[in-house]
Structure formats: structure tokens, C-alpha cells
Amino acid sequence: MKKNDMILIISILLLAGAFLVGYRRYQIMNTGDNARVTVTVAGEAYGEYSISEDRTEKILLPDGNYNILEIKDGYVSVSEASCRDKICVNHAHIHYSGEEIVCLPNKVIIGIINGEESDIDGFAGQ
Amino acid sequence: MKSKKLAFLGLLIALAFVLSYIEYMMPINIGIPGAKVGLANLVVVVALYTLGERDAFTLSIIRVLLVGLTFGNMAMMMYSAAGAALSFIAMFIVKRTGKLSQTGVSVIGGVFHNVGQIIVAIFVLETSAILYYLPFLVIIGTLSGVVIGLISGMIIVRVKKIFRWS
């Protein structure tokens with residue numbers, strides 16, 4: 001291993017690490033009480049749920065595949081899925097705005113967006 | 001191509017195929033889509049330094065086709081083809097500059113393998129939201145690249161001792 005290799009490895013790790021820490025702080029700061037859970041399937045909106053209400057939602061795809069979304073105490077996770085790799089099920093639960101759980105085989109993306117303040121009428125978010 | 005060299009290329013293709021199969025059988029599942037150790041990259045790096053760039057490229061293509069047709073489906077083949085292609089191009093360029101040893105080259109390969117897969121995922125899922133995983137994948141790609149680079153370094157030295165071709 002050359003010196004250049006070390007420089008490359010350390011700078012990649014530092015850059016990626018710094019980006020992760022910075023983005024994490026940004027996520028924490030930008031998460032309000034009205035954050036909402038959004039579900040998209042193959043790029044199209046499927047549903048939107050409040051993060052503060054506990055619920056279990058079966059995301060059913062036209063081809064029979066499914067992911068079961070669970071919202072509990074402000075945390076979102078996938079409890080069951082029909083896909084092969086089960087990466088979404090093993091994914092750590094998400095809580096902050098900008099976090100995601102992705103199921104590549106089913107093309108399902110579960111994300112959290114910071115909902116608009118609910119007392120401002122007429123602003124429906126994006 | 002000398003027959004000895006050709007036989008060695010065949011051997012490496014078989015090895016890459018087996019390593020891909022092992023990875024398919026035992027996927028690491030840490031909850032990050034697209035995260036892979038990239039065991040087969042070990043063989044590509046070894047080929048790059050022992051057989052040369054053209055044969056390493058051939059090996060890369062044949063591996064993706066073999067693995068895709070045997071275990072995967074079209075979607076999986078698309079992901080691995082993009083990863084393999086981008087990773088090979090990046091390793092090729094970095095190796096040509098001569099500034100890095102096989103460890104650095106393998107790190108670049110690992111990182112770009114993941115970047116290639118993310119790019120395909122962006123098109124398949126029709127969203128750029130998945131870029132969120134990029135830093136995680138870059139870190140995983142770097143770490144596995146270091147390990148694979150060190151191991152392939154040991155293999156390359158030994159292979160060069162046994163096989164001598166121009």
C-alpha cells in the first residue's frame with residue numbers, strides 16, 4: 001500500500017463521514033411535530049400518513065407484493081415484506097425528516113417529510 | 001494469447017462466478033439497499049494486475065452475464081452491469097495514472113460499484129431520493145475495497161511468481 005492509497009482512503013472516509021454527520025444535524029433540526037410519512041411506489045405517490053398516529057398499513061402492489069408499514073410512537077419501520085432480500089425489514093426505524101426506507105425489489109420508498117404547520121390553512125405542503 | 005494465459009483467464013472467470021454465487025447465497029443485510037462486499041471485485045483486481053486491462057474487462061462482462069443469467073433477473077443484471085462497468089472504468093483510469101497501488105485502485109472500484117448501482121436505482125425508482133444512501137455506500141465500498149485490495153495484493157505477487165508471460 002502506497003502513501004497515496006492512505007491519503008485516498010482517509011479523505012474518502014472523512015468526506016463521507018462529515019457529510020453524514022452534517023446531514024444528520026440538518027435532519028434533526030428540520031423535523032417538526034407535524035412530520036408526515038410518505039409512501040411512493042415506482043416513483044408515484046401511494047399514500048401519506050401522520051407520524052404521530054400509530055398505525056399499520058399494508059402497502060399492496062398491483063403484482064401482489066407487499067410491504068407492511070408500521071408507525072409507532074413517532075418511529076416508522078417495515079415489519080414485513082414479500083421481497084427476497086428483506087433489507088427494508090432489517091432497516092433501522094426512521095424518525096427524522098429526510099430519512100428513508102427503500103425496498104428496491106418492490107420499488108417502494110417510505111420517507112418522512114416535514115409537514116407544514118397545521119394551523120396555517122391553505123398550505124397543503126408540496 | 002498464450003494458452004497458459006487463456007487457461008488462467010478461464011480459471012479467474014470460474015472463481016469470480018463462484019464468489020458472486022457465495023455473495024448471492026449469503027447477502028450481508030445491514031438494512032442498506034445495494035450494500036455489497038463485492039467479493040468478485042477481488043478477481044477483477046487480480047486480473048487487472050496479472051492478465052492486463054483487456055482480459056480483466058472481458059472477465060468483468062462474462063461474470064455479469066453468467067451470474068445474471070444463472071441466478072438473477074433482468075433488474076438484477078442491470079444493477080450489477082452498471083456497477084461493474086462504472087467500477088471497471090474508474091479502476092482502469094486510476095490504474096493508468098499510476099499514482100495508486102492495487103489497494104487504492106480496489107477502493108476506487110468498490111466506491112464506484114456502489115455509485116453505479118445508485119444511478120440505476122435512480123432511474124428504476126424514478127426518484128433521486130435514494131441518493132440519501134450514497135454516503136453509507138461510499139463508506140462500505142471503501143472499507144471492502146481496502147480488504148479486497150490487500151488480499152489481491154498478496155494473490156498478485158504469488159500469481160506473478162508462478163505464471164510468467166510477456
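**Figure 1. Overall build of chain B.** Helices, as DSSP runs, need at least four residues, and they are numbered from the N terminus. By that rule, chain B of this predicted model reads α-α-α-α-α-α from the N terminus on. The tally is six helices and zero strands. The C-alpha atoms of chain B fill a box of roughly 50 × 35 × 25 Å along the principal axes. For 166 residues, a compact globule would have a radius of gyration near 15 Å; chain B has 15 Å, in agreement.

**Figure 2. Interior and surface of chain B.** Of the 166 residues in chain B, 54% are buried. Take the contacts in chain B between residues at least 6 apart in sequence: 73% of them join residues at least 24 apart. Chain B exposes about 7800 Å². Carbon and sulfur atoms supply 74% of that area.

Figure 3. Glu53(B) sits in helix H3 of chain B, which spans residues 53-71. Is Glu53(B) buried or exposed? Its relative accessible area is 18%. Buried means under 20%, so Glu53(B) counts as buried. Leaving out residues up to four places away in sequence, Glu53(B) touches Leu48(B), Phe88(B), Phe92(B), Lys95(B) and Arg96(B). One of these partners, Arg96(B), is 43 residues from Glu53(B) in sequence. The C-alpha atoms of Glu53(B) and Arg96(B) are 9.8 Å apart in space.

**Figure 4. A nonpolar surface patch with residues from chains A and B.** The patch is formed by Met1(A), Met6(A), Ile10(A), Leu14(A), Leu150(B) and Met154(B). Together they have about 590 Å² of accessible area. Two elements give two or more residues each: helix H1 (3-29) of chain A and helix H6 (134-162) of chain B. H1(A) gives the most, with three residues.

**Figure 5. Close-up of Leu14(A) in the patch.** Leu14(A) is one of the residues of the nonpolar patch. Helix H1 of chain A holds Leu14(A). The relative accessible area of Leu14(A) is 59%. Exposed means over 50%, so Leu14(A) counts as exposed.

**Figure 6. Confidence along chain A.** Chain A averages a pLDDT of 83, and 90% of the residues score at least 70. Among the elements of chain A, strand E4 (residues 66-72) has the highest mean pLDDT, 91. Helix H2 (residues 87-90) of chain A has the lowest, 86. Which stretch of chain A stays under 50? That stretch is residues 118-126 of chain A. For residues 118-126 of chain A, the model has three contacts beyond four places in sequence. Where pLDDT is low, the predicted coordinates should not be read in detail.

Terms used
Residues numbered from 1 in each chain as written. Chains lettered and ligands numbered in written order. Predicted model: local features only at pLDDT ≥ 70, side-chain atom pairs only at ≥ 80, totals over all residues. Heavy atoms only, no water. Patch = residues over 30% accessible without salt bridge, like charges linked within 9 Å, V, L, I, M, F, W, Y side chains within 5 Å. Areas by Shrake-Rupley, 256 points an atom, 1.4 Å probe, with all protein chains shown as cover. Salt bridge = Lys/Arg side-chain N within 4 Å of Asp/Glu carboxyl O. Buried < 20%, exposed > 50% of the residue type's maximum accessible area, 1.4 Å probe, protein only. Rg over C-alpha atoms; globule rule 2.2 N^0.38 Å. Contact = heavy atoms within 4.5 Å. pLDDT = per-residue confidence, 0-100.
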